[in-house]
Amino acid sequence: MKRFITIYLLAILFGLAACQEAKKITDPKDYDRYLLSNPQRTAAIRARIDLWNRHIQKDSMQVVEIRNIANEYTQLFEATAEIVYLKRAEQALLKVLDFGGLRKDRLLLDLARNYISQHRFREASELAKEAHQIYPNRAAKLVLFDASMELGRYGSAETFLYDSAVHQEDDFDYLIRSAKWNDHLGNMGATLRDMEKACALAQKSNDKFLMQWSYTNLATYYGHAGSIEKSYDFFLKALDIDPNNAFAKKGIAWIAYSHEQNAKEASRIMNAVTLTHSAPDNYLFLAELAQHERNEESRLSYLRNYEKGVRDKRYGNMYNMHNALLLSEEHHDFEAALDLSEEEVLGRPTAQAYSLKAHILNLSGKHQQALAIVEKYVTDKTFEPKAIYYAAEVYKSNGHKDKVTMLKKELSESSYELGPIINQKIMEL
């Protein structure tokens, strides 16, 4: 009898192991070569900047060269996440605007895109409006759509998206924005359809930049839709084009962590990312991984690295949401956290920003104030999983068990996107 029970238990264990094996998607053999430091891309960009600089004498007015330098600095920021390069791009564009000699509307749109990257969304919107007044063309409407989405002006965004100059079903720029719009509406089927069409156009053009951008965005959408294998494959495709693509590496790390529960492998990937990509929020991800591994010493070390990185004033408001969460959840400095959340709401009045403010108020014990914000600005206004999770917490604090139960069911579909730690908190709601 004991022998039968032993065999039975072994069969169960092997069965569970087989299930776990079937869930595994990542394989270090696929991506290890991309984790090696490869400075070739950034070296090429720096060489081009040096070349343009050699053409420019001190105090010269060679505006074309300066605009080219701004573009190269933007690429260098995207490759390294070093804020100094994004600010240098801004300075170069402002210098060209002062000089004149090029089409002002184009320069204004370049600067608006730079400000969007800096999370200076209101300024970006004003620049795009000025460009549109000078020359109301398609390019201006596309940037106005981008700024409107960031500012939560969804009615304006929809108007720009379906403007006759923008709405072209076989155009890459339209399709990627249509995908973003449908994602905002919670229509994942339409989101994937648009992004897949955009990806096909990028492949047809053989434009390497558009291809890798399409691959990483499509990979992200596939992940949200639960198609993890497709997500992994497209992150690898992006790395085939640009081995330094930090976004793709972080995507693979998230798959290892959230889908496979392999925080150790995710940490190995992310530690490699930090060698060439200096975005401070890399350390927040590493801190979460350390928390999952119950390594408190490493968690605190990574949080210190993050805090050290964001002390650079040049980041401006780019990390307001992260900083507010850290101040409230880690340091319990609710007053400072609330100030940052209010600053975020002022600059970006979206449901996500309001949900953050409600979350901080709820943590500080101001449950009714948090509830008022959730019901006015969050409920039925977003499909963003973290905002819905914060709303569920607020409803729980206010005794609305039926609403918590309803939101928990909704959040169960976003378990991959939210990750193991938040999923555990959701189970405890």
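Let's start with a salt bridge. Arg-120 and Glu-90 pair through their side chains, N to O at 3.2 Å. This is a predicted model, so read that distance as computed. Where do Arg-120 and Glu-90 lie? Arg-120 is in the loop between helix 6 and helix 7, which spans 121-134. Glu-90 belongs to helix 5, residues 83-99. The pair therefore ties together parts 30 residues apart in sequence. Buried or exposed? Arg-120 and Glu-90 are both buried. They also sit in a network of salt bridges, linked with Lys-87 and Glu-123.

How many salt bridges are there by this rule? The count is 26. Here are two more.

Next pair: Asp-146 and Arg-177. Their closest N and O atoms are 2.9 Å apart. Asp-146 is in helix 8, residues 138-150, and Arg-177 is in helix 10, residues 172-185. So this bridge joins parts 31 residues apart in sequence. Asp-146 has a relative accessible area of 18%, so it is buried. Arg-177 is at 13%, and it counts as buried too.

Lys-357 lies in helix 20, residues 351-363, while Glu-342 lies in helix 19. That ties together parts 15 residues apart in sequence. Why does Lys-357 count as buried? Because its relative accessible area is 18%, and the cut-off for buried is under 20%. Glu-342 is at 34%, so it is partly exposed.

Stay with helix 19. Ser-341 is in this helix, which runs over residues 334-347. Its relative accessible area is 0%, so Ser-341 is buried. What does Ser-341 touch, leaving aside neighbours within four places in sequence? Ala-324, Leu-356, Lys-357 and Ile-360.

Another buried position is Asp-105. Asp-105 sits in helix 6, residues 104-117. It has 4% relative accessibility, so it counts as buried. Beyond neighbours within four places, Asp-105 contacts Ala-131, Ile-134, Tyr-135 and Asn-137.

Now backbone geometry. Most residues other than glycine have a negative phi. Gln-261 is partly exposed, at 45% relative accessibility. His-332 also has a positive phi, about 55°, and it is not a glycine. His-332 is in the loop between helix 18, 320-329, and helix 19. At 52% relative accessibility, His-332 counts as exposed.

Last topic: a helix pair. Helix 22 covers residues 385-397, and helix 23 covers 401-411. Their axes come within 9 Å and cross at roughly 160°. That makes the two helices roughly antiparallel, since the cut-off is over 145 degrees. The crossing is left-handed. Which residues of helix 22 make the contact? Pro-385, Ile-388, Tyr-389, Ala-391, Ala-392, Tyr-395 and Lys-396. From helix 23 come Lys-403, Val-404, Leu-407, Glu-410 and Leu-411. By class, that contact has nine nonpolar residues, three charged and no polar.

That's the tour. Questions, please.

Note on methods
Residues are numbered from 1 along each chain as its sequence is written. This is a predicted model: local features need pLDDT of at least 70, side-chain atom pairs count only at pLDDT 80 or more; totals for chains, interfaces and linings use all residues. Side-chain values use heavy atoms; hydrogens and water are left out. Axes are lines fitted to C-alpha atoms, for helices over the stretch in contact, and angles run from 0 to 180 degrees between N-to-C directions. Helices (H or I, at least four residues) and strands (E, at least two) are DSSP runs, numbered from the N terminus. Angles under 35 degrees count as roughly parallel, over 145 as roughly antiparallel, 65 to 115 as roughly perpendicular and the rest as oblique. A crossing is left-handed if the near helix is turned anticlockwise from the far one by less than a right angle, and right-handed if clockwise. Contact means heavy atoms within 4.5 Å. Ala, Val, Leu, Ile, Met, Phe, Trp, Tyr, Cys and Pro count as nonpolar, Asp, Glu, Lys and Arg as charged, and the others, Gly among them, as polar. Buried means under 20% relative accessible area, exposed over 50%, partly exposed in between (1.4 Å probe, protein chains only). A salt bridge is a side-chain nitrogen of Lys or Arg within 4 Å of a carboxyl oxygen of Asp or Glu.
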